Amino acid sequence: MEQKTHIPEVSLLQFIKHSFKILKNPLPFHHRNFNKYGDIFRLNIGAKNHIFFSRDAQLAIHILQKNQKNYTKSKIQTKDLAKYVGKGLLTAEGEHWKTQRKLIQPAFHKKNLQQLLDTIQSAINAEYDKIETNKPIDVFPVFNDLAFQTVVKSLFSSAANENEINRLQHITEEVQKMLVKELRQPYLGWWFKISGTLQHHLDLGQESKDILKRIVNQRQQSNVKYNDLLDMLLSARYDDGSSMEEKQLLDEILILFVAGHETTSNALTFTLQLLALHPEWQDKIYDEIKENEDEQDLMNLVMNSKICQQVIEESMRLYPPVYFIDRVNIEDDNFKDYHFKANSNLLFSVFEIHRHPKLWDQPNDFLPERFEDGGRQFSSQYFPFGAGPRKCIGNNFAMFEMIIAINEIIKRYKIKPEFKSIDILPLITLKPKNAILNFEAR
């Protein structure tokens, strides 16, 4: 790597020395390196392999937005994840991605999502009916089920039965755990192959596609329109008038499951934990709900829930479910005083950018009021849904779902913490750990 300014290096020995701690949680290791070396450092992970870790928000904007045509996603998504879930929007690249994005984007326009809001609200309330009050409960499984059911109902209406839903949820979680092992223990790749562990999880991925194929075929044969996401995907047409082939459709649906429920359940759990620690914001949301209680239109209600949205946005700043973004440059690139040779691996820590002391006042404090004006002043340093053309296609869907979910739970309960501090479990996404809460009926 040639560069005008030397990028500090973290040796392979240091990586190996801390490998078991990195397997459990890599964030403290990266944080120490950022504090020691600055906003970018090179981590050597093999004799010839290295990754550039960065918390430079300007570099992130350069790569994700301004010079995005020179960058692709790394093999973590385009190969490692894709072998389990296929070539959908999240894992596709180049012209294939552009074609799919153009085809699918209309399904996620606000006017189309509006007709799904009642379905989303019903799925949320059905899960809240199961909550037991006045006893400590781990809230993550509640929101994990809620987010999964919301995706299922929005996609399929009532086409999937409970056993299929449970199986899809189990497979999604097992595949993620396996991928984490592959990424954090690359030296065990040979063992994963000969032991049959890798093949077992590949078989699970195929099983999930078989389940989805049955659901899709049943819908096509029924000739009944539900106006759900599946209907929108089935009716979507390319420029030449053709529709998606079955394999591509299944890949896109599977990606929606993987990306659509995991990040939302994490964000909702962290938000509830923060609200439990800051009950004054529960009161503010409740007062806002009372102010809007005469509003009959659910979309208007969501759009008027400004305080609720501020709380969610601040929660995703502190605990971004997508806590890293990776890219590889196609051709050599220059930024500031750095020169990146082609095929350099760059990984941005969204977690670190969102807590950078030079970018945020009181960066580790929960201050939803910082998003009072919609957060426009933070657009170049706030990336909960990514940035640039590859920004998450489901960002509006996720925000609408989370606003409804928080409003509905605050309407029912006062929330109290049964934990001392918010613990995290960084896997493919940033997951909560020991999120024990107590719900008291209002």
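Two strands pair if DSSP finds at least two bridges between them. Helices (H or I, at least four residues) and strands (E, at least two) are DSSP runs, and they get their numbers from the N terminus.

The model here is predicted, so local features need pLDDT of at least 70 and side-chain atom pairs count only at pLDDT 80 or more, while totals for chains, interfaces and linings use all residues. Residues are numbered from 1 along each chain as its sequence is written, and side-chain values use heavy atoms, with hydrogens and water left out.

**Exercise 1. Work out how the strands of the six-stranded sheet are arranged.**

Step 1: Start with the order. The sheet is open, its 6 strands come as S1-S2-S3-S9-S6-S4, and the pairing is mixed. Its edge strands are S1 (9–10) and S4 (71–72), each of which pairs on one side only.

Step 2: Go through some pairs. S2 (residues 40–44) and S3 are antiparallel, with 5 bridges. Look for leucine 43: its bridge partner in S3 is isoleucine 51. S3 and S9 run parallel and are joined by 3 bridges. S6 and S9 are antiparallel again, with 5 bridges.

Step 3: Find leucine 346 in S9. Phenylalanine 52 stands opposite leucine 346, and arginine 327 stands opposite leucine 346 too.

Step 4: Ask how enclosed S9 is. Buried means under 20% relative accessible area, exposed means over 50%, and partly exposed is in between (1.4 Å probe, protein chains only). Since 4 of the 5 residues of S9 are buried, S9 is largely enclosed by the rest of the structure.

**Exercise 2. Describe the sheet of 3 strands and the helices that lie across two of its strands.**

Step 1: This sheet is open and antiparallel, in the order S5-S13-S10. S5 (136–138) and S10 (413–417) are the edge strands, each pairing on one side only. On average, neighbouring strands are turned by 45° against each other, direction ignored.

Step 2: Zoom in on one pair. S10 and S13 (residues 436–441) are antiparallel over 5 bridges, and tyrosine 413 stands opposite alanine 441 in S13.

Step 3: Axes are lines fitted to C-alpha atoms, for helices over the stretch in contact, and angles run from 0 to 180 degrees between N-to-C directions; contact means heavy atoms within 4.5 Å. H14 lies across S10 and S13 at about 85° to S10. H19 also lies across S10 and S13, at about 95° to S10.

**Exercise 3. Which residues of H5 are buried, and what do they pack against?**

Step 1: The buried ones are Gln77, Thr78, Asp80, Leu81, Ala82, Tyr84 and Val85.

Step 2: These buried residues of H5 pack against H10, H12, H14 (246–277) and S6.

Step 3: Check what comes next in the chain. Glycine 86 follows H5, and its phi is positive, near 90°.

**Exercise 4. Describe the largest pocket.**

Step 1: On a 1 Å grid over the protein atoms alone, a pocket is an open set of points with protein on both sides within 12 Å along at least five of seven lines, and lining residues have an atom within 4 Å of a point. Grid points are joined across faces, edges and corners, and a volume is the space filled by probe spheres set on the points.

Step 2: The volume of the largest pocket is about 1,100 Å³. It has 42 lining residues, and Ile45, Ile51, Ile76, Leu183 and Arg184 are the closest to its centre.

Step 3: Sort the lining by class. Ala, Val, Leu, Ile, Met, Phe, Trp, Tyr, Cys and Pro count as nonpolar, Asp, Glu, Lys and Arg as charged, and the others, Gly among them, as polar. That gives 23 nonpolar, 10 polar and 9 charged residues for the largest pocket.

**Exercise 5. Where is asparagine 227, and where is glutamine 362?**

Step 1: Asparagine 227 is in the loop between H12 (197–222) and H13 (229–235). Glutamine 362 is in the loop between H18 (350–353) and H19 (395–412).

Step 2: Look at phi. Asparagine 227 has a positive phi of about 55°, and glutamine 362 has a positive phi near 45°. Most residues other than glycine have a negative phi.

Step 3: Finish with accessibility. Asparagine 227 counts as partly exposed because its relative accessibility is 47%. Glutamine 362 counts as partly exposed at 49%.

Note on methods. 1 Å grid on protein atoms, 1.4 Å probe; cavity = no way out; pocket = protein on both sides within 12 Å on 5 of 7 lines; lining within 4 Å.
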